[in-house]
Amino acid sequence: MAGVSSQQSVEELPYKLTLKVPFETARQALIASQTLSPDPILKGNELDVTYDAEDTTLLLKFSGISDRVIRVAISNVIDNLKTIVECIDEFDGKKDVLFEEE
Amino acid sequence: MTVDLDKYAKPGKGYYIALGLEGSANKLGVGVIKHNLGQLSTTNRAEVLSNIRDTYITPPGEGFLPRDTARHHRNWVVRVIKKALIEAKIKGTDIDCICFTQGPGMGAPLQSVVVAARTLAQLWDLPLVGVNHCVGHIEMGREITGADNPVVLYVSGGNTQVIAYSKQRYRIFGETLDIAIGNCLDRFARTLKIPNEPAPGYNIEQMAKKGKHLVNLPYTVKGMDLSMSGILAHVEGLAKDMFGKQNKKLVDVESGEPITAEDLCFSLQEILFSMLVEITERAIAHVNSNQVLIVGGVGSNERLQEMMKLMIQDRKNGQIYATDERFCIDNGIMIAHAGLLGYRTGQTNELWNTICTQRFRTDEVFVKWRDD
Amino acid sequence: MSYTTINFPQFPQYTVFVSLFQGVEKDTLNTVKQELIAGNEDYDFCFLNTAHLISLEQLYSSIHRAILNFESGNMRAKTLNTEIIFNLSPVNKIMEALKSFGVDEKTPNLVAVKVFKSEELDSNTIIQVNNNLVNLLKVEECQNLKITDELLYKLVDIAKFKKTYKLNDAKISDIDSQGQLTRLAIADSLLRGL
Amino acid sequence: MTDRLVGQVSGYLPNIPLEVVSQGAEALVFKTKVHPYIEKPYLQNNSEYIIKFRPSKPYRHPKIDASITKNRTIGEVKFMAKLSKLGIKAPSVISADYKNGIIWMECLGSELPNGEVSSLKNWLWYLERNESEERCLADDVKLACNKVGELIGKLHMNDMIHGDLTSSNILLQNGEPMLIDFGLSSYSGLPEDKAVDLYVLERAILSTHSVFSDKYNQWLLEGYEAGHKSSEFGKKGNKKLVETIRKLEDVRLRGRKRSMLG
């Protein structure tokens with residue numbers, strides 16, 4: 001699924017970084033990508049992020065006007081990834097499970 | 001004419017179950033609700049299967065910041081969802097839809113919760129339903145109290161609105177022109193360094209009960225709206241004079257007794273609640289109603305409820321409705337309930353349409369499940 | 001005898017005595033002023049100059065409000081008589097009100113007002129009161145005229161009146177009519193100091 | 001509830017027969033044939049008078065209640081006094097008891113054929129229910145709406161805001177419009193506040209006279225604009241008009257008076 005890129009053309013954002021996040025299954029990677037992509041980038045002119053799922057890997061391509069901007073964006077994405085991963089660990093494949101008190 | 005709420009019922013399934021996620025402010029709430037087929041009524045009530053809440057508490061004198069609140073919600077959301085499923089004794093397969101607060105509220109906290117909602121919805125292949133936080137309060141209040149068409153006073157940390165239903169919209173009749181009442185009380189609690197446990201507003205209420213002398217504060221109602229920032233500045237000024245460096249001794253003119261912090265809390269409540277009751281009364285007269293429903297965290301304040309009751313009693317068989325803290329304080333069950341009503345009238349949100357917004361006015365919602 | 005007595009529906013327990021005297025001598029006016037200041041019992045009346053009275057409605061409006069304030073303990077002046085004068089005034093300074101509306105040697109016509117308890121009053125005590133006034137003010141009976149709107153409108157000094165009530169900038173047609181000036185004066189005196 | 005309040009006001013007004021005319025959120029309005037202090041006052045109607053009473057509110061702290069009742073009553077008398085000085089037709093004030101929240105005022109308006117008071121609302125309703133469409137849109141109706149618009153224009157030219165403009169707060173007496181009920185009135189030069197005043201009336205006309213409301217609102221605005229152009233304020237009048245009308249567009253779009261952070 002093509003990632004959503006903001007209006008700012010990618011060339012003007014010199015700082016680039018790609019993050020590859022491995023998942024157990026391709027479905028999980030796709031779910032992660034589709035969970036992260038809807039939220040708009042606040043400062044479209046300073047930063048662009050594309051989300052893609054290639055097989056079992058989530059591909060995050062960051063372009064920004066400075067390294068700081070990218071670092072902030074990455075920490076934000078990783079925060080959300082934590083929730084996504086925790087959800088996957090807890091609930092993936094357990095739609096038919098009756099959870100009990102540990 | 002009543003709206004058909006079963007157009008989207010699953011064949012062979014005699015009920016609906018919805019999971020609701022709330023995190024627009026410092027309370028993270030997950031609730032599971034069950035509706036049977038057919039119209040909701042006194043004989044066919046919605047059933048609360050679970051209603052779990054975890055509140056992000058800050059040290060005395062400090063408010064909750066969006067970033068820290070979002071971190072709290074992220075840490076707890078999966079565990080609270082699990083706890084809600086356990087207590088409700090349901091499986092993913094029982095669930096019809098996952099509802100989430102789409103706004104209004106704080107950006108980062110809303111986003112931290114919707115990430116969990118999107119992930120779970122995709123994992124279990126369930127539809128998502130975006131809910132207006134305030135409509136959640138209204139619908140839950142109506143369901144719990146049985147008030148069919150009340151004028152609603154929505155008073156919380158982030159909102160102060162008087163709302164009345166008309167032609168499939170919850171119309172805003174009057175509202176704050178600056179800060180919300182909960183915010184005003186919380187900020188004064190911080191000025192007095194009152195603990196935030198269980199909630200600053202609750203602690204202000206306990207102190208106000210011990211207050212005796214009324215301190216003069218500006219009364220700022222403007223037509224159907226009201227403004228509170230001036231009152232807050234005024235009462236904070238008094239507090240700083242009394243407890244700051246000069247610790248000026250203020251004295252009550254009539255009794256000669258010194259003014260205490262309790263008196264300040266008492267006076268602040270009296271002036272704020274008088275204004276709220278006045279604009280509510282104006283809306284009630286305008287739509288010729290005799291039912292008042294108070295929702296939102298500040299609605300659990302007994303003095304506000306008492307004053308509202310005194311006002312509504314003056315109207316022919318006037319009736320006041322309020323819910324206890326399980327429902328009037330932000331919770332997940334209200335989002336599940338309002339979301340399920342939306343789902344049963346055909347509302348679902350595709351992933352691209354699950355972006356949360358800080359600004360989401362109550363009257364933007366098309367109330368498809370009502371037709372009175 | 002041409003005094004007038006009125007009762008207000010809300011205050012049947014009071015009867016108001018009103019009497020108008022034309023052409024009072026200047027030195028008598030000064031004596032009245034001294035005696036009032038000295039608090040001489042015989043002069044226990046509210047004395048008003050006619051230059052600032054436009055109509056009975058204006059006068060009765062202030063008497064009515066004076067009794068209302070007296071009854072509810074809301075009087076701003078010390079006595080009922082001064083309260084009546086003060087309620088005529090659009091300005092919140094008692095001394096200025098006394099100067100404008102009270103005894104004024106430049107205005108030879110006086111209106112005397114006194115509020116009596118209804119039960120303490122019968123027709124001959126009222127006649128006696130009016131006679132005492134005729135003597136006090138050293139006037140002939142023919143100078144004691146029936147108070148009417150026509151007479152007041154003849155005796156009023158419209159220029160002074162409009163200056164005291166600051167009505168020169170009011171954008172109204174027929175501003176100088178008795179009705180118009182009455183309405184504006186009452187409204188302004190109601191808002192004294194507010 | 002009304003009898004508790006009627007009892008309260010009768011205490012303040014002994015021997016004054018009271019007939020309830022209307023009861024809003026904040027005040028009760030009575031009619032009486034007895035004048036407080038004179039048989040024949042200088043009023044257009046000297047046979048009947050209006051008494052507006054702001055009762056004490058049991059839910060309010062006594063001190064707050066006393067100061068609000070007093071200030072609101074004073075505020076309303078002040079507003080009405082200012083209107084009469086500016087030659088804007090409104091009831092003249094007869095007397096006031098600020099502490100007890102009582103205002104005596106002139107009783108304006110006449111009786112329509114169906115016995116109702118001649119408010120713009122009752123008149124338009126009467127026409128809509130009993131007359132043909134031509135009659136409802138006849139010239140005298142157009143002229144009346146124009147004059148109402150002009151009157152509101154004059155109010156706004158003087159930076160005065162009515163605050164509760166509905167068709168029941170506008171009375172018509174032999175073709176001349178008058179404003180009543182200034183409980184929510186205020187002073188402001190802001191185009192936004194004037195636009196909200198107009199928007200409230202527009203909504204009121206829309207909801208109570210939906211059949212011909214487009215026409216009525218159009219004629220009202222025509223009068224409002226004409227009032228500004230011909231006013232003694234000259235060029236400044238036109239500038240104020242343009243700003244207010246532009247703001248009216250925003251207020252209409254917002255659907256509500258002001259958008260608020262959620």
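These legends go with a set of close-ups of a predicted model.

**View 1. Where chain A meets chain B.** Here 25 residues of chain A are in contact with 24 residues of chain B. Two elements of chain A give two or more residues to this side, namely helix H1 (26–36) and helix H2 (67–91). Of the elements on the chain A side, H2(A) gives the most, with ten residues. Sorted by class, the side of chain A that touches chain B has eleven charged, ten nonpolar and four polar residues.

**View 2. The three-stranded sheet of chain A.** This one is an open sheet with the order E1-E3-E2 and antiparallel pairing. Strand E1 (15–22) and strand E2 (47–54) of chain A sit at the edges; each has a single partner strand, so one side of each is left without a neighbour in the sheet. From one strand to the next, the twist averages 15°. Zoom in on E1(A) and strand E3 (residues 57–64) of chain A, and you'll find eight bridges between them, with the pair running antiparallel. For a landmark, look for A:Thr18, which stands opposite A:Lys61 in E3(A).

**View 3. Helices packed on the chain A sheet.** H1(A) packs on the sheet and touches E2 and E3 of chain A. Its direction makes about 155° with that of E2(A). H2(A) packs on the sheet as well, touching E1, E2 and E3 of chain A, and the direction of H2(A) makes about 150° with that of E3(A). Both helices turn up in View 1 too, as elements that give two or more residues to the side of chain A that touches chain B.

**View 4. The five-stranded sheet of chain B.** Reading across this open sheet, the order is E8-E7-E6-E11-E12, and the pairing is mixed. At the edges stand strand E8 (170–175) and strand E12 (319–322) of chain B, each with a single partner strand, so one side of each has no neighbour in the sheet. The twist here averages 25° from one strand to the next. Strand E6 (residues 151–155) and strand E7 (residues 160–165) of chain B run antiparallel and are joined by four bridges. One residue pair to pick out is B:Val155 and its bridge partner in E7(B), B:Thr160.

**View 5. Helices packed on the chain B sheet.** Helix H3 (residues 133–145) of chain B packs on the sheet, where it touches E6, E7, E8, strand E11 (291–295) and E12 of chain B. The direction of H3(B) makes about 125° with that of E11(B). Helix H7 (residues 261–287) of chain B also packs on the sheet, touching E6, E7, E8 and E11 of chain B. For H7(B), the angle to the direction of E6(B) is about 155°.

**View 6. Where chain D meets chain C.** This contact takes 28 residues from chain C and 24 residues from chain D. On the chain D side, helix H2 (62–85) and strand E4 (93–97) each supply at least two residues. H2(D) gives the most to that side, with six residues. As for class, the side of chain D that touches chain C has 15 nonpolar, five polar and four charged residues.

**View 7. Helix H5 of chain C and what follows.** Helix H5 (residues 123–136) of chain C has 14 residues, which at 1.5 Å a residue should span 20 Å. The end C-alpha atoms of H5(C) are 20 Å apart, so expectation and model agree. After H5(C) comes C:Lys138, whose phi is positive, near 50°.

Technical notes: Residues numbered from 1 in each chain as written. Chains lettered and ligands numbered in written order. Predicted model: local features only at pLDDT ≥ 70, side-chain atom pairs only at ≥ 80, totals over all residues. Contact = placed C-beta atoms within 7 Å. Nonpolar A, V, L, I, M, F, W, Y, C, P; charged D, E, K, R; others polar. Expected span 1.5 Å × (residues − 1). Pairing = 2+ DSSP bridges. Axes fitted to C-alpha atoms, helices over the stretch in contact; angles between N-to-C directions.
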